[in-house]
Amino acid sequence: MAERSVNKVLLLGRLGRDAEVAYTSSQTAVTKFSIATTRRWKDQASGEWMSETDWVNVVMWRNEGLAP
C-alpha cells in the first residue's frame, strides 16, 4: 500500500504575472502564476558578477497555502 507524503517547497522571487484563478466543473479552484528567481555569482575567470533568471510556473489546486 502506498503511503501519502507531502513535499514542501519555498520559492522566493518576483511575481511574473498576475495570478489567474479558474474553476473546474466540480468548482475546485485552480490558480496559476509564475515566479522569477535570480541567482548571482562572481565569474572566477573574469571577476565579473553574473546573473541568471529562472522562471517557475506554479499551479495551485484549491488555493492551498495561499496567503493574502
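Let's start at one residue. Ser34 touches Arg14, Leu15, Gly16, Arg17, Trp55, Val56 and Asn57, leaving aside residues up to four places away in sequence. Keep in mind that this is a predicted model.

Is Ser34 buried or exposed? Ser34 counts as buried, because its relative accessibility is 6% and the cut-off for buried is under 20%. Ser34 sits in strand β3, which covers residues 29-42.

Now step back to the whole chain. There are four strands and zero helices. From the N terminus, the order reads β-β-β-β. The chain has 68 residues, and 13% of them are buried. The exposed surface comes to about 6,400 Å², and carbon and sulfur atoms supply 50% of that. On to contacts. Take those between residues at least 6 apart in sequence: 31% of them join residues at least 24 apart.

Next, the partners of β3. Begin with β1. β1 and β3 run antiparallel, joined by two bridges.

Then β2, residues 20-23. β2 pairs with β3 in the antiparallel sense, over four bridges. Here Tyr23 has Ala29 of β3 as its bridge partner. The two strands form a hairpin with five residues between them. In that turn, Gln27 has a positive phi of about 65°.

Last, β4, residues 49-61. How many bridges pair β3 and β4? The count is 13, again antiparallel. Lys42 stands opposite Trp49 in β4. This is a hairpin too, with six residues between the strands. Gly47 takes a positive phi there, near 80°.

One more feature: the largest pocket. Its space is about 250 Å³. Which elements give two or more residues to the lining? They are β1, residues 14-15, and β3. The lining includes Arg14 and Leu15. Phe33 and Ile35 are in the lining as well. So are others, among them Asn7, Lys8 and Val58. By class, the lining has eight nonpolar, two polar and two charged residues.

Let me tie that back to the start.

Technical notes: Residues are numbered from 1 along each chain as its sequence is written. This is a predicted model: local features need pLDDT of at least 70, side-chain atom pairs count only at pLDDT 80 or more; totals for chains, interfaces and linings use all residues. Side-chain values use heavy atoms; hydrogens and water are left out. Buried means under 20% relative accessible area, exposed over 50%, partly exposed in between (1.4 Å probe, protein chains only). Contact means heavy atoms within 4.5 Å. On a 1 Å grid over the protein atoms alone, a cavity is a set of points where a 1.4 Å probe fits but cannot get out, and a pocket is an open set with protein on both sides within 12 Å along at least five of seven lines; lining residues have an atom within 4 Å of a point. Grid points are joined across faces, edges and corners, and a volume is the space filled by probe spheres set on the points. Ala, Val, Leu, Ile, Met, Phe, Trp, Tyr, Cys and Pro count as nonpolar, Asp, Glu, Lys and Arg as charged, and the others, Gly among them, as polar. Two strands pair if DSSP finds at least two bridges between them. Accessible areas come from the Shrake-Rupley method with a 1.4 Å probe; for residues, only the protein chains shown count as cover.
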